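My notes follow in the order I took them.

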Amino acid sequence: MAQCTLLYFAWIREAIGVDSEVFDVPATISTPAELAAHLGQRSTGYARAFADMSRVRCAIDQAVHALDTPFGAPQEIAFFPPVTGG
Amino acid sequence: MIRVLVTPDDFEAGAEGRALAEEGAGAVASFIGIVRGGDGLSAMTLEHYPGMTEAALTKMAQEAAARWSLIAVTLIHRIGCLTPGSQIVFVGTSAPHRQDALSATAYLIDRLKTDAPFWKQEQFNDGRTHWVDARESDDAAAARWG
């Protein structure tokens, strides 16, 4: 188990109901996609947030990565929709 | 010099433009994004990823400076609740020659749309809210720079 801060933004934050949480990532989980699938089983809110992973992006320690990027022991993982700045 | 600012506060584009005209500059190019009204839009709220946002903006300014001969770059992006007609983003560059300033400004506008962690939620007069979807045309615009 490795402790990690999870951050959620925009409608993903709204669906889950919190903007951040500290989470013990099980050792069997090694990618953001696996983590999202795991979190999706926690409640209907999480399930809604991660129902369509084509609409989800992620950052590992504040750097954008593909959802299937293996992580070591990150301090911070963020899930968010495709960005809409400018 | 690179200046990056993420702020709820409005900016004064004229002052920002003059500040870019450092020694050696022969041209200043700039872009101002405005919250577009219409269709019953009452406001737009901008959310961002503190820490990562500033780093992402600084990185894209550095990449523009590596690609074109620039004197200075300023990127200002507002956050929070903005009403139609409000200034939302300022992109400005200065360079010895106009083509570098114009190209770098266009590049930074396109990159801002796709590579900076901002999200927009629209609020309407009838109480509806809607998270703005990313557009494929924005991805295509960013991709043309290679």
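I began with one residue pair. In S2(A), Val25(A) is the bridge partner of Ala2(A). I then looked up the strands around that pair. Strand S1 of chain A covers residues 2–8 and is joined to S2(A) by six bridges. The two strands run antiparallel. I kept in mind that this is a predicted model.

Next I checked what else S1(A) pairs with. S5(A) is joined to S1(A) by four bridges, and this pair runs parallel. I noted Leu6(A) opposite Ile77(A) in S5(A).

I moved on to strand S3 of chain A, residues 57–60. Three bridges tie S3(A) to S4(A), and the two run antiparallel. Here I found Cys58(A) opposite His65(A) in S4(A).

Then I asked for the strand order of the whole sheet in chain A. I read S2-S1-S5-S3-S4, an open sheet of five strands with mixed pairing. S2 (20–25) and S4 (63–65) of chain A each have a single partner strand, so they stand at the edges and one side of each has no neighbour in the sheet. I also looked up the twist, which averages 30° from one strand to the next.

Last, I turned to a helix. Which strands does helix H2 of chain A lie across? I found S2, S3 and strand S5 (76–80) of chain A. Helix H2 spans residues 32–39 and runs at about 70° to S5(A).

Methods
Residues are numbered from 1 along each chain as its sequence is written. Chains are lettered from A and ligands numbered from 1 in the order in which they are written. This is a predicted model: local features need pLDDT of at least 70, side-chain atom pairs count only at pLDDT 80 or more; totals for chains, interfaces and linings use all residues. Two strands pair if DSSP finds at least two bridges between them. Axes are lines fitted to C-alpha atoms, for helices over the stretch in contact, and angles run from 0 to 180 degrees between N-to-C directions. Two residues are in contact if their C-beta atoms, placed from the backbone, lie within 7 Å.
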